[in-house]
Amino acid sequence: MAGRFAPRPTLPHSPEGVGGAPMPVRGGQVAVPGGVPRPAPAPGRVRTWVPDGPLDLGLVLGPLRRGPADPTFRTTPDGSVWRASLTPAGPGTLRVAARGAEVRGEAWGPGAEWLLDRLPELLGAADDPAAFEPRHRLVAVARHRRPGLRLTRTGLVLESLIPSVLEQKVTTDEAYRAWRLLVRKFGEPAPGPVDGRMFVMPAPRTWALVPSWEWHRAGVDDKRASTVLRAVRVAARLEEAAGMQPGDAQARLELVPGIGPWTSAETVQRSHGAPDAVTVGDLHLPGIVGWALAGDRHADDAVMLKLLEPYAGQRHRAARLILLGGRTPARRAPKMPRWDIGRL
């Protein structure tokens, strides 16, 4: 067979090609001379802000974390919180650290300015904890022990909507795993000095192009995947809801088939910092609220809403304080079984 095919060119040992440019090698990579350090990331943009009262970063930003391995959220031993977000201006990474009475935000990427502009709202500047008046001893004690609790407001709807859809009717472990796998595979690396360990969630068009078998591998059934696909098709209209009142925003979200009161409440709690958006339709919350306030572990949504009536306008904050109070009924039945459809 000699002479039938042209001989394959020999790859040079030198990493330089024509004109001194790096020579491409097999696989589409570029030969890089050994020992050359990677360029240092560009310095981030910085903003400082002084809150008008106590602030606990963990309590304020904790609801934005979707599991301990969330690729869009990270905490470091020095107490800093890192978030990777897809903003209207593009991807951005935000690092928030509290130093005494001052909070320092540093951001990288095209979305850096957008993130820094909204840093106070993210940390609860638009929230009014003083408007809350405890009506039960357990709630009063929980509030006294956690004066730094404020309700965050991200101003981003899809960022909270999509993981909330993934959490429908499954265990939190399953939902966190699905979010982690999909963001790492289809998101883009977060800008800034994050060492490739953080990712920005996919853009709406990227979500729309996720193959069906990838949803399956991530353990997401057709119903939840279809809901996400319907939502990203009208992503611009849903993001407009960030400028609406929480009730109006929930109504708009619920126009999308597959998004009900549970999902819309979980979304606006984060995107709007809605103090009254109590979660209905939850498997555990009614029993926890019923047990904490009335000793009724079998309470349903109707009973829960009745018990929370004294907190009208602040029912979500009351529910959070009840959860932080730690008074929950003893478990009597096994946990909800975990199903991994990716193994079928």
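Axes here are lines fitted to C-alpha atoms, taken for helices over the stretch in contact, and the angle between two of them runs from 0 to 180 degrees between N-to-C directions. With that in hand, we can turn to a pair of helices in this predicted model. Helix α4, spanning residues 137-145, packs on helix α15, residues 315-325, at an angle of about 85°, and the two axes sit 8 Å apart. Angles of 65 to 115 degrees count as roughly perpendicular, so that is the label for α4 against α15. On the α4 side, the residues that meet α15 are L138, V139, A142 and R143. Their partners in α15 are L321, I322 and G325. Sorted by class, this contact comes out at 5 nonpolar residues, 1 polar and 1 charged.

An α-helix has 3.6 residues a turn, so residues three or four places apart point the same way.

Helix α13 also belongs in this neighbourhood. It covers residues 285-294 and is mostly covered itself, with 8 of its 10 residues buried. The buried set is made up of L285, P286, G287, I288, V289, G290, A292 and L293. What do the buried residues of α13 pack against? They pack against α4 and α15, the pair described above, and also against α14 (301-307). Just after α13 ends, the backbone at G295 takes a positive phi of about 70°.

Searching the whole structure turns up 3 cavities of 30 Å³ or more. The largest cavity has a volume of about 130 Å³. Its lining is made by 13 residues, and those closest to the centre are L64, T72, R83, E159 and W179. Two elements, β3 (81-87) and α5 (158-166), each give two or more residues to that lining.

Stepping back to the chain as a whole, the fold contains 15 helices and 7 strands. Of its 344 residues, 43% count as buried.

Terms used: Residues are numbered from 1 along each chain as its sequence is written. This is a predicted model: local features need pLDDT of at least 70, side-chain atom pairs count only at pLDDT 80 or more; totals for chains, interfaces and linings use all residues. Side-chain values use heavy atoms; hydrogens and water are left out. Helices (H or I, at least four residues) and strands (E, at least two) are DSSP runs, numbered from the N terminus. Angles under 35 degrees count as roughly parallel, over 145 as roughly antiparallel, 65 to 115 as roughly perpendicular and the rest as oblique. Contact means heavy atoms within 4.5 Å. Ala, Val, Leu, Ile, Met, Phe, Trp, Tyr, Cys and Pro count as nonpolar, Asp, Glu, Lys and Arg as charged, and the others, Gly among them, as polar. On a 1 Å grid over the protein atoms alone, a cavity is a set of points where a 1.4 Å probe fits but cannot get out, and a pocket is an open set with protein on both sides within 12 Å along at least five of seven lines; lining residues have an atom within 4 Å of a point. Grid points are joined across faces, edges and corners, and a volume is the space filled by probe spheres set on the points. Buried means under 20% relative accessible area, exposed over 50%, partly exposed in between (1.4 Å probe, protein chains only).
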